[in-house]
Each structure stands twice: as C-alpha cells, then as structure tokens.
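Subject: Structure for you to look at

Hello,

Here is the structure I promised to hand over. Please open it alongside this note; my findings follow below.

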Amino acid sequence: MHLHGTSKKNELGHLEIGGVDTTELAKQFGTPLYVYDVALIKERARSFKKAFENMGVKAQVAYASKAFSSIAMFQLAKEEGLSLDVVSGGELYTAIKAGFPAEKMHLHGNNKSREELKMALEHGVGCIVVDNFYEIDVLDELYVDGERKIPVLLRVTPGIEAHTHDYITTGQEDSKFGFGLLNGQVERAIEKVLASKAFHLLGFHCHIGSQIFETQGFVLAAERVFEKIKEWKDRFSYVPEVVNLGGGFGIRYTEEDAPLPATYYVEKIVEAVQKQVKELNMEMPEIWIEPGRSLVGDAGTTLYSIGSQKEVPDVRKYVAVDGGMTDNIRPALYEAKYEAALANRMNDKEEEKVSIAGKCCESGDMLIWDIALPSVKPNDLLAISCTGAYGYSMANNYNRIPRPAVVFVEDGEAQLVVKRESYENIIVNDIPLKSKVVK
Ligand SMILES: *Cc1c(COP(=O)(O)O)cnc(C)c1O
C-alpha cells in the first residue's frame, strides 16, 4: 500500500496516520472506521489556492462537497478559505449548520427543487449554477422585485469526453447536465437570463469529468467556451466575470494512476484562459475550480476488522471484512481499484493473494480483487487507502448495516467527527403497524 500524507509505519510495525496508531483508533472507535489525515487535506487545499496566487489570478477554489460532507469537514473548508459547492438542500443545510458563509456557497444540481432554490435564495448563496430552462423559470418566479439580483452561472456542456471511466463522465453533449454549448441551447439561456430582471449573470461553468490525469481536456474546454464567449461578446455585448472550469482532478488510488500536482492543473488552466482573454482583448475573468476527490480522496483511509475466510480450491481465497459496499460502493459501482495493508502487521511479508469481500448479501460486494497480503487471521486490521472521497458520502444502510464513524487525526490527536450509527438510528424512521381494533 502506498503511504499518503502523514501515513507511515511506526516502530511497532503498525500503520500510523496523523501521528496516531491505527490499532489504537480501531480499539477506541471500533471498525469499520473512516480516518482522515487533516494535514493532507490542508496541504491539498493550500496547494490549489497557492497556485492561483502565484499566477496573480483572482480565483475561487470551491470544495465539491459531495465528495465528503459533514459539519467538521465544512468547518475545515471554511478555515482553509475554500468556497463550497453544494448540490442539495441536505448539503446546503449541513453547510449552514457548520457556519459556512452562504456567500461562498455555490448551488449545483440538474433538478433543484423549488424548495431548494428558495432555501438557497433565503440564505443568500453566492451563486446558483443554473442547469436548465425550467430552473430559469422557477428562479424568475421566486425572485422578488427590488431584492438582490440572483447571481448565476450557466452550466454548459462543451462536448468533451474526459479521459476516464465512462460511468463517471459528465462532459459529453449527451449528458443530463447543462445547456449544450454547440447546439444553440446556451444562447437561448443567455437571452432568457439577460432579458429577466431577476438575474446577475456572472458567467459560465463546465465540468468535463472525474479522475482526470491530463490537462488537455481542461485546455480544450476553456478553448471551446471562449470560442463562444467571443461570439457572445458581439451578439449580446456580454463578457463573463467568472469562468468556472469544474473539478475532476485525478488522484492516486493504485500504482496505475499517475496524478499531476495541483499547481500543474492550475497553471495550464490559467494559461489557457489568459491566452484567450488576450486574443479577445477582454478583462481577465475570475477563474473558479471545484476539486472534490483531489482535496479529500487520498486523505481518507478505512479500517476494517477481518472476519471469515473462504477458500475456493484452485480459484481464490475470499477474506471478508466487517464493512463493504455499505461504506464503499465504488468498487461495485465503477469497478474502482484500491490498495490495502494489514495495519497491525506492516512488517510482515506478503504471503498470499486474496480477494477482499464485504459482508452484504450481494456477490458484487467486493472491495478488492487479488491483493497480496501477509497470511491473514481473524481480527487482523485491514486498512484500505484513498477512501476519503465518495466513501462516506455514498454510504448506505443496505442490509440495515449502520454507517461507520469518522475520525479526524492530526498531530497525534484523534477527534470523532461523525458518530457510528446505532441500531436505534437504523429504525428511527420506522413506524409500526397500528394494531387492529378488536370488536
Ligand atoms: C462531482 C463534481 C465535481 C467534483 O469532482 P471530483 O472528481 O470529485 O473533483 C466538481 N464539479 C461538479 C459540477 C461536479 O459534479
């Protein structure tokens, strides 16, 4: 297992994160357990922000909070001076409860409800990323004359397929998100928004995909968008104040992945925009980006206790852990690959190839196929690295399995930031049948 951030092997041969022995964490908080390396999250956030500062460009780095949202995480994002993308009333509510400033929140979503839009307006979110014509109409209706105009970006679909797994690509023309950039939809949207007194059109947004390892897609997206901006400058006498090029910066899950440093993505994006701006002789817009995975992904590690094993002669050995697709659905959903290690026996030599199974009633509930580990025993502690993004946030209660706890570790201290669900929590919304009245 590649050791990210402050993860290391300590003198006891245990995995240590943030100066805390993971075997102690397992004892104190139980398993499965999500562990976040706070220093690494800070380092990632700062490197994105610094890269823009170094280039002298006005920017917002918005944490795409769907990757991992909780009150503690939002407090950390606030402390680091990040902006925040939220995509639902639930994420918005959590952010408000965390004391995150509404003016630094951006509301996303392809089907924001009237209630969600209303809630966002009442709190005064900094921007609504408008996705479709219906949303323009609803916002127009919600707008009260004389109030602050609603700051909006229009989400456009530039028709670029980012280099990644098909399931998680959202940048093609054939996408449920945004206005087609190449088929005239954006122009109709701009006309509608500029014609209404409800809106302050800040600019445009696009997001070309996820787990992207090169910069070409971002450069191409910027070029496509600016080709249009050039047209719109004449046609609508409009130039954007903000261009948001989305997230999707890749991280290293396994040795097959070769991510670029944050600074490199930022430099290429800024250079691409600067080139276009110069050609158009317009003012440099603010550049916004929206990293999710790359801020929290490799900062997260999940600890599991090993239980049963099953040998299929001449085929494979299944080793089961006390979690699975309930706390990490990505392998089942996207065939995502992960690395792992025995956190309580980091010095032991790899002896056998096994496959890590979850405990759910689903053959597809597998976490890792074919990984070399020391000979594993019940109650060994298995650490799977890079589970910080889309792990807890996609966790579910399939088989009525309670969601694990989340701890933040830093400088030798651990802090519980999300409690483990109890069985009580599992039935909290259940309503028993009324007993029949016997006559
Ligand atoms: C999911 C998403 C992101 C974040 O993607 P990551 O791959 O986690 O960086 C950013 N912007 C939008 C619009 C998204 O939908």
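Domain bounds here come from an automatic or database domain assignment. For the protein chain, that assignment gives domain 1 (8-37 + 298-422) and domain 2 (38-296).

Two notes on the source. This is a predicted model, in which local features need pLDDT of at least 70, side-chain atom pairs count only at pLDDT 80 or more, and totals for chains, interfaces and linings use all residues. Residues are numbered from 1 along each chain as its sequence is written, and side-chain values use heavy atoms, with hydrogens and water left out.

**Domains**

The C-alpha centres of domain 1 and domain 2 are 33 Å apart. Their contact (heavy atoms within 4.5 Å) takes 24 residues from domain 1 and 24 residues from domain 2.

**The second largest pocket**

A pocket is an open set of points with protein on both sides within 12 Å along at least five of seven lines. A cavity is a set of points where a 1.4 Å probe fits but cannot get out. Lining residues have an atom within 4 Å of a point. Grid points are joined across faces, edges and corners, and a volume is the space filled by probe spheres set on the points.

The second largest pocket holds about 630 Å³ of space. It is lined by 30 residues, and the closest to its centre are Tyr-338, Glu-339, Ala-340, Ile-368 and Ile-371. Helix 11 (330-334), strand 16 (340-342) and strand 18 (366-373) are the elements that give two or more residues to this lining. Helices (H or I, at least four residues) and strands (E, at least two) are DSSP runs, numbered from the N terminus. Strand 18 gives the most, with eight residues.

The lining of this pocket divides into 17 nonpolar, two polar and 11 charged residues. Ala, Val, Leu, Ile, Met, Phe, Trp, Tyr, Cys and Pro count as nonpolar; Asp, Glu, Lys and Arg as charged; the others, Gly among them, as polar. Where does the second largest pocket lie? It lies between domain 1 and domain 2, because both give residues to its lining.

**Cavities**

There are two cavities of 30 Å³ or more. The largest cavity has about 60 Å³ of space. Its lining includes Met-1, His-2, Leu-3, His-4, Asp-37, Asp-298 and Ser-385. That lining has five nonpolar, five polar and two charged residues.

The second largest cavity has a volume of about 30 Å³. Among its lining residues are Pro-32, Asp-322, Asp-327, Pro-402 and Pro-404. Four of the lining residues are nonpolar, two polar and two charged.

His-4 sits in the segment before strand 1 (8-9). It counts as buried because its relative accessibility is 8%. Buried means under 20% relative accessible area, exposed over 50%, partly exposed in between (1.4 Å probe, protein chains only). Leaving aside neighbours within four places in sequence, His-4 contacts Asp-37, Leu-40, Arg-252, Asp-298, Ser-385 and Cys-386.

His-106 is in strand 7 (residues 105-107). At 1% relative accessibility, His-106 is buried too. Its side chain makes a polar contact of 3.0 Å with that of Gln-60 and one of 3.2 Å with that of Asp-85. A polar contact is a pair of N or O atoms within 3.5 Å; within protein, one must be able to donate a hydrogen and the other to accept it, and residues adjacent in sequence count only if both atoms are side-chain atoms.

Best wishes

Methods: 1 Å grid on protein atoms, 1.4 Å probe; cavity = no way out; pocket = protein on both sides within 12 Å on 5 of 7 lines; lining within 4 Å.
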